Amino acid sequence: MKNEAKMNPEVTIIEKADVVSNRMTPQVIQDNKVSVILFILLFIITAILAPEFYNMQNIINVTRQASVIGVVSVGMTFVILAGGIDLSVGAIFVVVGVSFASMIKQGVPLSAAILFSLIIGIIGGFINGIGVTFFGIQPFIMTLGTMAVGNGVALLISNGTPISFKSESSIINLLGNGAIAGVPGPVIIFILSAVVAGIVLRFLYFGRFVYGIGGSLEAARLSGVRTTRILIVVYIISGLCTAIAGIIGTSRLFVGSPTAGGSIMLDSIAAVVIGGTSLMGGRGSILGTVAGVFLLAMVANLLNLLGVPPFNQQIAKGVIIIAAILFTSQGLRQRIKQQWSGL
């Protein structure tokens with residue numbers, strides 16, 4: 001086996017990744033334990049304070065709204081697992097939104113409009129990946145820069161005003177407000193993206209390399225993993241998922257707004273981290289991300305049903321995010337003891 005490792009340096013990282021992968025099932029349960037407890041508590045609180053939440057139409061609306069953030073969060077999971085961060089998702093979202101709306105309004109064929117919109121997301125992710133890998137720019141700084149550029153491009157395309165359009169397309173209706181067998185189209189896309197991402201991360205070498213890079217970039221590189229290629233693809237996945245979400249969001253409202261991505265970045269990162277994915281990389285799962293997405297959506301809907309003012313909702317959401325992250329972080333008690341002893 002040692003000779004094989006010498007001949008093929010990728011064997012070492014694959015074996016290490018296999019060990020991590022074999023431990024993933026109990027780890028996933030452990031990582032999502034707090035999310036499950038929060039779900040149960042939230043369901044109990046909701047049943048007491050706002051029983052109308054369980055109206056079927058309301059549940060459908062909640063899942064439909066959650067799906068946009070959900071698709072973005074799937075791509076964000078790859079980036080954070082690899083030890084990075086993507087602050088540009090909101091900007092990519094609005095660039096895709098105004099571009100898609102503008103093309104449909106001008107009569108561009110739907111297939112071409114969708115394809116071009118997806119290419120925008122891919123290019124945005126590729127630029128982020130190149131900046132992080134080839135130029136060695138910190139992910140936070142690189143994606144902060146592309147966020148600023150993307151927001152400016154969206155305002156330039158739309159002249160600072162929302163672009164509305166009309167369409168009788170059944171595909172646009174399905175992407176936005178339609179359903180198949182009672183299941184909203186956006187929910188179907190979210191589920192499919194989560195399933196595909198889960199399979200990639202759990203069973204393919206690419207997914208194992210993502211975990212390996214997140215655990216230790218240098219160790220992965222020394223083991224023969226083509227880290228540059230993997231990281232570029234990871235950011236491309238994030239851009240592609242954001243582009244899909246941008247198309248869904250625009251199709252729902254028949255409007256492409258240059259300011260619609262304000263909370264996309266914060267909510268997607270929060271959903272991923274609440275779901276148990278470590279911001280340091282190397283630990284987490286798509287299952288946890290899905291749980292985090294719906295947890296945030298339930299909280300937002302509950303606050304609306306209770307008539308909580310929008311500003312107070314932002315405060316409540318921030319407190320919940322901090323509390324959830326604290327409870328999901330490993331070794332919290334030991335860290336508190338260490339810091340307390342250092343006072």
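These are my notebook entries on what I looked up in this predicted model.

**Ground rules**

I number residues from 1 along each chain as its sequence is written. The model is predicted, so local features need pLDDT of at least 70 and side-chain atom pairs count only at pLDDT 80 or more, while totals for chains, interfaces and linings use all residues; side-chain values use heavy atoms, with hydrogens and water left out.

**Entry: the whole chain**

I started with the secondary structure. The protein chain has 17 helices and 4 strands. Helices (H or I, at least four residues) and strands (E, at least two) are DSSP runs, numbered from the N terminus.

Next I looked up burial. Of the 343 residues in the protein chain, 48% are buried. Buried means under 20% relative accessible area, exposed means over 50%, and partly exposed lies in between (1.4 Å probe, protein chains only).

Then I turned to contacts, meaning heavy atoms within 4.5 Å. Among contacts with a separation of 6 or more, 79% join residues 24 or more positions apart.

**Entry: helix α10 and its partners**

How do the axes of α10 and α15 cross? I found that helix α10 (residues 185–203) and helix α15 (residues 286–305) cross at roughly 150°, with axes that come within 9 Å. The two helices are therefore roughly antiparallel. From α10, the contact uses Phe 190, Ala 194, Ala 197, Gly 198 and Leu 201. From α15, it uses Ile 286, Val 290, Val 293 and Phe 294. By class, I noted 8 nonpolar, 1 polar and no charged residues.

I wrote down the terms here. Axes are lines fitted to C-alpha atoms, for helices over the stretch in contact, and angles run from 0 to 180 degrees between N-to-C directions. Angles under 35 degrees count as roughly parallel, over 145 as roughly antiparallel, 65 to 115 as roughly perpendicular, and the rest as oblique. Ala, Val, Leu, Ile, Met, Phe, Trp, Tyr, Cys and Pro count as nonpolar, Asp, Glu, Lys and Arg as charged, and the others, Gly among them, as polar.

I then checked α10 against helix α11 (residues 205–215). Their axes come within 5 Å and cross at roughly 75°. These helices are therefore roughly perpendicular to each other. Val 200, Leu 201, Arg 202 and Phe 203 of α10 meet Tyr 205, Phe 206, Gly 207, Arg 208, Val 210 and Tyr 211 of α11. This contact divides into 7 nonpolar, 1 polar and 2 charged residues.

I also looked up Gly 198, which lies in α10. Gly 198 counts as partly exposed, at 22% relative accessibility. Val 74 is 124 residues away from Gly 198 along the chain, yet their C-alpha atoms are separated by 9.2 Å.

**Entry: the largest pocket**

What volume does the largest pocket have? I noted about 770 Å³. A pocket is found on a 1 Å grid over the protein atoms alone: it is an open set of points where a 1.4 Å probe fits, with protein on both sides within 12 Å along at least five of seven lines, and its lining residues have an atom within 4 Å of a point.

The lining has 29 residues, and Gln 65, Ile 69, Arg 252, Ser 263 and Asp 267 lie nearest the centre. Helix α15 gives the largest share, 7 residues. By class, the lining holds 14 nonpolar, 12 polar and 3 charged residues.

**Entry: helix α14**

Is α14 mostly covered or uncovered? I found it mostly covered, with 9 of its 11 residues buried. Among the buried ones are Ile 264, Ser 268 and Ala 270.

Asp 267 lies in α14. It is buried too, with a relative accessible area of 10%. Leaving out residues up to four places away in sequence, Asp 267 touches Ile 69, Leu 296 and Lys 317.

I followed Ala 270 to Gly 318: they are 48 residues apart in sequence and 9.5 Å apart in space, C-alpha to C-alpha. Gly 318 lies in helix α16. Gly 318 counts as partly exposed, at 27% relative accessibility.

**Entry: positive phi**

Gly 276 follows α14 and has a positive phi, near 100°. Asn 159 is not a glycine, yet its phi is positive, near 55°. I found Asn 159 in the loop between α8 and β1. Asn 159 is exposed, at 68% relative accessibility.

Phe 254 also has a positive phi, about 55°, although it is not a glycine. Phe 254 sits in the loop between α13 and β4. Phe 254 is partly exposed, with a relative accessible area of 25%.

Technical notes
Grid points are joined across faces, edges and corners, and a volume is the space filled by probe spheres set on the points.
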